[in-house]
Amino acid sequence: MPDRKRKLTEMQPPADPRVGSSEIEPETLSSVEQLFEEIDVDQPQVGIIMGSKNDKPKMQPAGAALEEAGITFEVRVMSAHRDPALVVDYCSNARLRGLKVIIAGAGMSAALPGVAAAHTDLPVIGVPILGKSLGGLDALLSAVQMPPGVPVACVAIDGAKNAGVLAARILGIQNCARHARALPPARHGRGLD
Ligand code: RP5
């Protein structure tokens with residue numbers, strides 16, 4: 001079993017009788033310290049998912065907008081039609097993993113944004129991608145015509161940049177709310193008018 005799966009108490013290096021007896025210097029980093037070194041401090045806040053690797057060029061502007069706003073993100077390819085179990089797993093666990101917003105791009109019968117919204121209560125931003133037919137209307141309508149209670153915030157066809165900007169604004173609102181709670185009551189009240 002790899003070290004990271006063992007209990008902390010089991011990870012202490014065995015006592016070496018020579019340590020401290022001037023025969024050998026102790027290691028500078030214990031195994032616990034080494035594991036703590038690996039903590040990912042840049043945990044992604046936004047998940048960018050898309051139905052095909054061929055969608056990558058169309059989705060890159062979302063990543064660029066997030067990067068410009070200093071927001072961490074991850075990118076995954078998963079199709080609502082071809083990898084349905086993967087999409088359900090990813091979206092069901094997104095909040096638990098610390099994601100705050102999901103950006104979902106797909107073309108043709110673009111089920112990915114809607115399926116994502118059906119499996120998470122995080123905000124989902126849909127990006128309809130222009131395919132080879134119907135001028136992208138197929139993807140637009142698939143993403144935008146969601147039933148009540150399962151919202152997808154749909155941007156323009158090939159509008160990935162706005163998806164990134166919108167995600168940044170959603171995260172900005174959360175930051176503002178935290179900031180407002182920290183203000184004294186009078187200013188707090190006025191700020192919410
Ligand atoms: C959708 O079908 C994808 O989002 C893509 O836009 C479209 C075509 O997929 P590929 O045939 O290019 O993989 O699922």
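Where is the place of Glu 74? I found Glu 74 in strand S2, residues 73-77. Strands (E, at least two residues) and helices (H or I, at least four) are DSSP runs, numbered from the N terminus.

Before going on, I noted that this is a predicted model, in which local features need pLDDT of at least 70, side-chain atom pairs count only at pLDDT 80 or more, and totals for chains, interfaces and linings use all residues. Residues are numbered from 1 along each chain as its sequence is written, and side-chain values use heavy atoms, with hydrogens and water left out.

**Entry: Glu 74**

Is Glu 74 buried or exposed? I read 8% relative accessibility, so Glu 74 counts as buried. Buried means under 20% relative accessible area, exposed over 50%, and partly exposed in between (1.4 Å probe, protein chains only). Next I looked up its polar contacts. These are pairs of N or O atoms within 3.5 Å; within protein, one must be able to donate a hydrogen and the other to accept it, and residues adjacent in sequence count only if both atoms are side-chain atoms. The side chain of Glu 74 has such a contact with the side chain of Arg 97 at 2.8 Å. Another, of 3.3 Å, joins it to the side chain of Arg 76. Leaving out residues up to four places away in sequence, I listed what Glu 74 touches: Pro 44, Val 46, Gly 47, Ile 48, Tyr 90, Arg 97 and Leu 99. Contact here means heavy atoms within 4.5 Å.

**Entry: the ligand**

Which residues are around the ligand? I noted Gly 51, Ser 52, Asn 54, Asp 55, Arg 82, Ala 106, Gly 107 and Met 108. To be listed, a residue needs a heavy atom within 4 Å of the molecule. I then checked distances to ligand oxygen atoms. A polar side-chain atom of Asp 55 lies 2.5 Å from one. For Asn 54, a polar side-chain atom lies 2.8 Å from an oxygen atom of the ligand. Gly 107 uses a backbone N or O atom, at 3.0 Å. Taken alone, the ligand exposes 360 Å², and the protein buries 72% of that. Accessible areas come from the Shrake-Rupley method with a 1.4 Å probe; for residues, only the protein chains shown count as cover.

**Entry: Gly 172**

I placed Gly 172 in helix H6, residues 160-182. Its relative accessibility is 23%, so Gly 172 counts as partly exposed. Gly 172 and Ala 69 are 103 residues apart in sequence. In space I read 9.8 Å, C-alpha to C-alpha.

**Entry: Leu 134**

Last, I looked up Leu 134. This residue lies in the loop between strand S4 (124-129) and helix H5 (137-144). Leu 134 is exposed, with a relative accessible area of 65%.
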